[in-house]
Amino acid sequence: MPIKPLSVSKLRRVCNPRTLKFATTARLPVIDEIIGQPRAVRAIDFGIDVHGPGFNIFVMGPGGTGRMTTVERFLSAHATTETTPPDWVYVHNFKEPLRPRAMSLPPGRARQFKQDMLALVAFLKTDLPPAFEADDYQRAASQITRELDEARATAFGQMDAQAREHGFTLARSDQGLFLAPMNSAGEPATPEQIAALSIEQRAALEQAQPDLEDRFNAMMRAVRAEEGRARERLRELDRQTAARTIAPRLTMLIDQYRAICDEAVDYLEEVRADVVAQVNELRDGNADDEDTPPPQPVSDPFTRYQVNVLVDQSATIGAPLVVETNPTFMNLVGRIERDVRLGDNVLDFTMLRAGALHRANGGYLVVRAPDVLKDSGVWEALKRALNTQQIVIEDPGTQLQMFSTRTLESEPIPLNVKVIMLGTPWLYYELFDHDEDFRRLFKVKADFATDMDRTPENERSYALFVQARCAEHNLPPFDAEAVAVIIEHGSRLAEDQQKLSTRFGEVTDLIIEAAHWAGKNNRDVVTADDVRQALREWRYRSNLIEQQTHESIIDGTISVQVKGEVIGQINGLSVIDYGDYEFGQPTRISARTYVGRSGVVVIEREAHLSGRIHNKGVLILEGYLGGQYATKEPLTLAASIGFEQSYSEIEGDSASSTELYVLLSALADLPIKQGIAVTGSVDQQGRVQPIGGASAKIEGFFDVCLARGLTGQQGVMIPASNVRHLMLREDVLAACQSGQFHVWAVNTIDEGLEVLTGVKAGKRSKAGHFPKDSIHARVEAKMKATAEGLDGGKKELDEETPEEKKKKKDEEETRSRRRRKKK
């Protein structure tokens, strides 16, 4: 039976609005559920529930499948049921000021702890100085000072009396006390008075001076010791005064935090000790003495009692969920800010800032793999944090610095986070193959599918998705026919009548655009016409290159014949993809045969304009020819095949059946109907195999035929296995319905030959012969005649007479002598 065109019902799977069982989406509930990703959802659910090192999740799939939206919604619902992690703060390290101390507090307590410490600082500034002005303190300090003055006066008086006995007295200068010769008035002698002394008087002074100086030095040491004891008594008085002043306040704080955080209690005790030890600096900005320097020179000595809140979970319900859209090094692991004052780089713990890992600690961190991998330092920092299970705030490039500079070395914070990374399948497998850490750190793979089965349940889910987007974007409701068109468009995106696309980003765009055109058309409900208009407008905005290409075909610049019959010429089909838009384009393919045994020569392959897959298709074509026509005798064939007016590389095997058809046409001297374009690959047994882009190829050839004028004899021939992939435009369906355009589906090369030529292909009989005048019989006869012609020519050469052979030999020797002489 001849192959008949496909019925219109097989060219597009139509959705009956009545099966949706609603008038408009306004009657549907707003259920924003995850659609069509059971495998990915199950993997994410497993990755969240399982606990162990390295069970982070890599969510893989192409863009537009709703990966980020799905992950955020799923994690948001799951995170709220988990325990909220602690707050984290940095405080001053009194032992090592450049190594700030990390401290965890119960969730929501960090901010209160900071306020409590600010209140303590305010208390120290207001209440500590008056304590040193109180009468008790002043009396005690005066008593110590008075006792020191008395002891100093007694020592000085005794020393002066001893010196006067030997002609010396104590003198005072800017440098302090010293021994000086005494004049007759009992005052230190001037140089002139000393010069006027007799030799015996000067000798007596010189004899007494060494012993007096020893006594004087001993006296001064005793005075200094007494002064030291007095200073220590004053310091102890200051410490006792400070301790008494701050004791009620600090004791209250310590009691308050004793049941909350042991680390906070330890820190407050350290604060108590530091306030007591550094009371003079806090009181008047001066250190106690050179033996007890302040811990770290800062602009305000009270800064070291402040609290740097790094992570505040007071507003977090459950576990934190952080989506980091710009994961730079500092945004990921935190940063150290700088404050330059008077040319000096001032550093303290208050300049530490949290990164995404800090905020997500105890919960979930979502990042995109391309963003993380833009900077190798970011990827290495993330792996280091996951491997060591701790976060260290450091400057970027610290690991690569040749010279060290003064910086903060903050105490690491323990890390407990589940990282969810989004990327393409290609990126996942590249990392898996080339990065050993990756396979240890991301053990859970959540694979997002690009389509789902088109079942009544999933069609209902599409309708619920439309309603959810209407509620989210405040859009008017869609009627059932409009939703039906969107469902059909979902199958078109999936390129399969039995599937629906899960690229919900594109579906959402269509919903928004259809609502826009409904508003332009003054409708309160979005109709099917509005959805179709949105599709037409989108196509018009995107198909400039398609239109220009088709114009070149229509005006004859690119030669494509869509009427009549031609031997050795056929219209092949290809898909041109520009990322967001693809379209089909016909290409004229021709074949020429000639005498010889060179086989099939594909011009594109010889010109290095064909890819490896296309070359493989040509070799399969040659295998078919050998198996079909060289079962008893060697294949005798010389032919060339070329893609006319094609100047770019050709890749893929979807034209292999087309090349075979045009070659057989040339060998059989049978014309091919030019109104039928062909696509499909072929195997060595002559079975036609499926290809991609079937709908786009049909529509591309239809547009050219429509512009040239439909004859009712035009159409496209596709593999039968591609019928389920057809979701043709409605204008193509209308032309097929009226008999102006056709789509044929074939399973074998023989069926395709009969459609293209109207002649039976023929099947080899048990005796090994094809039916007379069949296509295969003509091809076999052509090859046989070519072989006999070649063999007959060789036989004639072999039957030369002895005289002819001698003459030929003499001529060859003469030409050889001439060549040697010329050389």
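Two strands pair if DSSP finds at least two bridges between them. I keep that rule at hand for these entries, and I note that the model is predicted.

**Entry 1: strands β1 and β16**

I looked up how strand β1, residues 57-60, meets β16. The two run parallel and are joined by four bridges. I then picked out F58, and its bridge partner in β16 is K445.

Next I followed the side chains along β16, residues 444-447, and they alternate. V444 and A446 point to one face and are buried.

**Entry 2: the seven-stranded sheet**

In what order do the strands of the open sheet of seven stand? I wrote the order down as β22-β23-β21-β20-β25-β28-β29, and the pairing is mixed. The edges are β22 (599-602) and β29 (741-746). Each has a single partner strand, so one side of each is left without a neighbour in the sheet. From one strand to the next, the twist averages 30°.

A helix also belongs in this entry. I found α21 packed on the sheet, where it touches β22 and β23 (638-643). The direction of α21 makes about 160° with that of β22.

Inside the sheet I checked β20, residues 569-577, against β25, residues 676-678. They run parallel, with two bridges between them. N571 stands opposite A677 in β25.

I also looked at Q585, which lies in strand β21, residues 582-593. Its relative accessible area is 16%, and Q585 is buried because the limit is under 20%. Leaving aside neighbours within four places in sequence, Q585 is in contact with T549, I553, G572, L573, S574 and I576.

**Entry 3: salt bridges**

How many salt bridges does the structure hold? I have 45 in my notes.

D496 sits in the loop between α16 (480-494) and β18 (499-501), and R724 sits in the loop between β28 (714-719) and α24 (730-737). The two are 228 residues apart, and the pair links distant parts of the chain. Is D496 buried or exposed? D496 is buried, at 8% relative accessible area. R724 is partly exposed, at 37%.

R605 and E622 also meet in a salt bridge, at 3.9 Å from N to O. R605 is in helix α20 (residues 603-606) and E622 is in helix α21 (residues 612-629), 17 residues apart. R605 is partly exposed at 22% relative accessibility, and E622 is partly exposed at 26%.

For R764 and E780 the closest N and O atoms are 3.2 Å apart. R764 lies in the loop between α25 (749-757) and α26 (775-798), while E780 lies in helix α26 itself, so the pair ties together parts 16 residues apart in sequence. Both count as partly exposed, R764 at 25% and E780 at 24%.

**Entry 4: helices α16 and α17**

Two packed helices are described by the angle between their axes and the distance between the axes. I took α16 and helix α17, residues 504-520. Their axes come within 11 Å and cross at roughly 145°. The crossing is right-handed. On the α16 side the contact is made by I486, H489 and L493. On the α17 side it is made by E506, V507, L510 and I511.

**Entry 5: T241**

I looked up T241, which is in helix α6, residues 199-258. T241 counts as buried, at 4% relative accessibility. Apart from neighbours within four places in sequence, T241 is in contact with A131, F132 and Y137. I also took the separation from D653, which is 412 residues away along the chain. The C-alpha atoms of T241 and D653 are separated by 93 Å.

**Entry 6: cysteines**

How many disulfides does the structure hold? I found zero. C736 is in no disulfide, and the nearest cysteine sulfur, that of C705, is 11 Å away. A disulfide needs the two sulfur atoms within 2.5 Å. C736 counts as buried at 11% relative accessibility. C261 is buried as well, with a relative accessible area of 7%.

Methods. Residues numbered from 1 in each chain as written. Predicted model: local features only at pLDDT ≥ 70, side-chain atom pairs only at ≥ 80, totals over all residues. Heavy atoms only, no water. Buried < 20%, exposed > 50% of the residue type's maximum accessible area, 1.4 Å probe, protein only. Salt bridge = Lys/Arg side-chain N within 4 Å of Asp/Glu carboxyl O. Axes fitted to C-alpha atoms, helices over the stretch in contact; angles between N-to-C directions. Left-handed = near helix turned anticlockwise from the far one by under 90°. Contact = heavy atoms within 4.5 Å.
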